[in-house]
Amino acid sequence: MINFEELIQNLILPLVAYPQDVEISLLESDDEKMEFQVKVNPSDFGRVIGKGGHIAQAIRTILYAGASKEGKKIFLDIASK
């Protein structure tokens, strides 16, 4: 079974300048779906989102692929503190 919190952490931490400010929260989880929220330092928000949202979309694509192998749907919200 995939540890999605660890996967998100491994994808986000290399992108940020302030890794100590990254907070990953599991908001909801059941048999069909999981919802995570990632909070980052405001100065790192642009780095995680990327130009035009391309980095955030790539992160979500990786998560979607892992979740579909588990038969689940996953949602990721990225916010600044």
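Helix α3 spans residues 54-69, and its 16 residues reach 23 Å from the first C-alpha to the last, close to the 22 Å expected at 1.5 Å a residue. That expected span is 1.5 Å times one less than the number of residues in the helix. Helices here are DSSP runs of H or I with at least four residues, strands are runs of E with at least two, and both are numbered from the N terminus. Before we go further, please keep in mind that this is a predicted model, in which local features need pLDDT of at least 70 and side-chain atom pairs count only at pLDDT 80 or more, while totals for chains, interfaces and linings use all residues. Residues are numbered from 1 along each chain as its sequence is written, and side-chain values use heavy atoms, with hydrogens and water left out.

Which residues of α3 are buried? They are Ala56, Ile59, Leu63, Gly66 and Ala67, where buried means under 20% relative accessible area, exposed means over 50%, and partly exposed lies in between (1.4 Å probe, protein chains only). These residues sit on the same side of α3 because they cover an arc of only 100 degrees around the axis; the arc is that of the directions from the helix axis to the C-beta atoms. Turn to the face of α3 directed away from its buried side, and you will find the exposed residues His54, Ser68 and Lys69. The buried residues of α3 pack against α1 (4-12), α2 (45-49) and β3 (73-80), with contact taken as heavy atoms within 4.5 Å. Just after the helix, Gly71 takes a positive phi of about 75 degrees.

Let us move on to the sheet. Three strands form an open sheet in the order β1-β2-β3, with mixed pairing; two strands pair if DSSP finds at least two bridges between them. β1 (23-29) and β3 are the edge strands, each pairing on one side only. From one strand to the next, the twist averages 20 degrees; axes are lines fitted to C-alpha atoms, for helices over the stretch in contact, and angles run from 0 to 180 degrees between N-to-C directions.

β1 and β2 pair in the antiparallel sense over six bridges and form a hairpin with three residues between them. Along this pairing, Glu23 has Lys39 of β2 as its bridge partner, and Ser25 has Gln37 of β2. β2 and β3, in contrast, pair in the parallel sense over eight bridges.

α1 lies across β1, β2 and β3 and runs at about 35 degrees to β2. Its buried residues are Phe4, Ile8 and Ile12. They fall on the same side of α1 because their arc around the axis is only 65 degrees. The elements that cover them include β1, β2, α2, α3 and β3.

What do these packed elements build together? The largest nonpolar core has 19 residues, and those with the most contacts inside it are Ile8, Ile12, Phe36, Val38 and Leu76. Such a core is a set of buried Ala, Val, Leu, Ile, Met, Phe, Trp, Tyr and Cys residues joined through side-chain atoms within 4.5 Å. At least two of its residues come from each of α1, β2 (33-40), α2, α3 and β3.

Leaving aside neighbours within four places in sequence, Val38 is in contact with Ile8, Ile12, Val22, Glu23, Ile24, Leu76, Asp77, Ile78 and Ala79. Leu76 belongs to strand β3 and is buried, with a relative accessible area of 9%. Beyond four places in sequence, the contacts of Ile74 are Phe4, Met34, Phe36, Leu63, Tyr64 and Ala67. Ile74 and Thr61 are 13 residues apart along the chain, and their C-alpha atoms are separated by 10.0 Å.
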